[in-house]
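Thank you all for making the time.

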Amino acid sequence: MTITSPETADAGTGTPTATRQFLRIATAGSVDDGKSTLIGRILHDTGSLPTDHLDAVTDGDGDVDLAALSDGLRAEREQGITIDVAYRFFSTPTRSYVLADTPGHERYTRNMFTGASNAHVAVLLVDARHGLLRQTRRHARIATLVGVPHVVAAVNKIDLVDFSRHRFDEIRADLAELAVQLGIDEITAIPVAAKHGDNVVHRSDSTPWYEGPTLLEYLENVELHAPAPVAEELRLPIQWVSRPSESHRRTYAGRLASGTLQVGDEIVVLPSRSRSTVTAVDTLDETRKVAVAPLSVAIQIADDIDIGRGDIVVSGAEGAHVPVLAREIDAHVCWLSTSPLRAGDRVALKHGPSTVRATVQSLERRLDPDTLIEHVGPSELALNDIGTITLRTASVVPADPYAQNRDTGAFILIDEASNDTVGAGTILEAREVIPGKATRNDIKWHPSSLARAERWAHTGQRGATVWLTGLPASGKSTVAVALERAIVSRGRVAYLLDGDNIRHGISDDLGFSAGDRAENIRRVGHVARLFADAGVIAIASMVSPLRSDREIARELHRAAGLEFIEVHISTPVSECERRDPKGLYERARRGELRGLTGIDAPYESPEHPDLRFDTTGADIDRLASLILGALMDRGIVEDGMIEG
């Protein structure tokens, strides 16, 4: 369903749209505040109950058990409390509603975090007799953390305090103070008696002193807007890639998180940064020319570039706002596991359709649910705790602050051993950690007591990195092996960092998505720099298809004052495919392997490599000697090392 504001026109035609508006509601509060009864009352009074459902909860005297209408689990009916998030649906002539009934019991606070994560309105239940409780404050804080734009308090059971205006005013004053603590404009208060229907759907004669809206009137008048409805804010996380047959172009499907999309738009795919143009947009509505969030769409593009599940399509227009390719994230987290979270823990971070590994760098703060004060430097986060943490990811995450985008600014944390969801988070700040330029704020580089010049003088060996890049089967590894042998046979230390070998060790946790490939290259760049610093000639043989990834490796060495020689093995794809020692090209042609560089994934040739040569019919030892010559020119090896 689409979301439009009451006066919004169709983005493609400029004419008013008749699409029914769609509102998501989350209810919250403490145990016995009457959430289930309130929901039952709304369903009953809006005529949204099937006859058989209503009959099942009506006793012989004709009395309806309203709470039983929403307590769907057997355990909920037996214990008289809500345990899981229960979703209910109702409608009016102008709007369709999805209502998430979240548990009030403190043990199930985590379900409030998930139930409110995509709500437009949070309805807080407050028992008029007891006022604001611990859980009321906690749930109000959660609602603001997950970005619920509207918070309304249903001051329930007002009939049990004789419809007292004075009591209502006291609670309304407490809610105003709470709003200040939470940093929001206001929390609207409405006096209701859910059991009898006062001020829920119909106005009550028992509260003549109250002139505000009923709860349903409030919900009917909440303004809804599409998320950032401009092309420059486009966010399309890719959920599915399909190609029905060889004669069809690939189609990329997902749900728009923000922005607009139409044929002819320039786009950029993250994290690879590949660019293309949209050639087709399918929204299942033939009359719609412009797709607007949160529509689900399927698109086709002009170029055959590598796009997979978990990639994000953003605007390629000049001045477009794009997410950060983050490796470090500050976030609010609600911890959902009985095992506490501590600094140093490793988790899987699921961000939209993609999942990456992450390490908890630090626990910054923990929220006190009673005072809403944040305590600095907690030792751990326990079950249902809300805190602020810093995460370091194994590969880049295209992320926005949650305040700007609720889809690309949210994530869940998963235990890698059990596959259980253990945390839910919202991003406060996402940082791109650029090697050689950005520094960590929690650790410092520990320099060796042995200076590099002294080390090299004693060992008689200068360090450097030779980086060989090219298509699969271009001959990179063959040249690298010959180079390593040539250097070592002359009494110097060299070591080959082959791409496949690296994936057996320090990168065994990585796959072959664009993000994981970039992370693999980042790791090899760091290892090569350490080898070079120690006086070893590191030889990296990597496809490394993107200039930006290779530039990171070069920048690491430049920042450390170390030599970096880039060698482009420029063997054409036809020759690589003829060799095909691993059968990769054959599998790619049969459609069994996606994302092979040179076939359906891009390779960006170096613009200014230090050396470039084709291995087709070449003398491999001669090519190795050319690289040795480059090392000699830079003073890495002596003249006498090169023979014949």
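At what angle do helix α5 and helix α6 pack, and how far apart are their axes? In this predicted model, α5, which covers residues 134-145, and α6, which covers residues 165-182, pack at an angle of about 45 degrees, and their axes are 11 Å apart. That angle makes α5 oblique to α6, and the crossing of the two helices is right-handed. On the α5 side the contact is made by Arg137, Ala140, Arg141 and Thr144, while α6 brings Leu178, Gln181 and Leu182.

Five strands form an open sheet with parallel pairing, and their order is β24-β25-β23-β26-β27. The edge strands, each of which pairs on one side only, are β24 at 494-498 and β27 at 611-613, and the twist from one strand to the next averages 15 degrees. Strand β26, residues 563-569, runs parallel to β27 and is joined to β27 by three bridges; Val567 stands opposite Leu611 in β27.

Finally, which helices pack on this sheet? Helix α12, residues 547-560, touches β23 and β26, and its direction makes about 155 degrees with that of β26. Helix α15, residues 620-633, also packs on the sheet, where it touches β23, β25, β26 and β27, and its direction makes about 170 degrees with that of β27.

Technical notes: Residues are numbered from 1 along each chain as its sequence is written. This is a predicted model: local features need pLDDT of at least 70, side-chain atom pairs count only at pLDDT 80 or more; totals for chains, interfaces and linings use all residues. Side-chain values use heavy atoms; hydrogens and water are left out. Axes are lines fitted to C-alpha atoms, for helices over the stretch in contact, and angles run from 0 to 180 degrees between N-to-C directions. Helices (H or I, at least four residues) and strands (E, at least two) are DSSP runs, numbered from the N terminus. Angles under 35 degrees count as roughly parallel, over 145 as roughly antiparallel, 65 to 115 as roughly perpendicular and the rest as oblique. A crossing is left-handed if the near helix is turned anticlockwise from the far one by less than a right angle, and right-handed if clockwise. Contact means heavy atoms within 4.5 Å. Two strands pair if DSSP finds at least two bridges between them.
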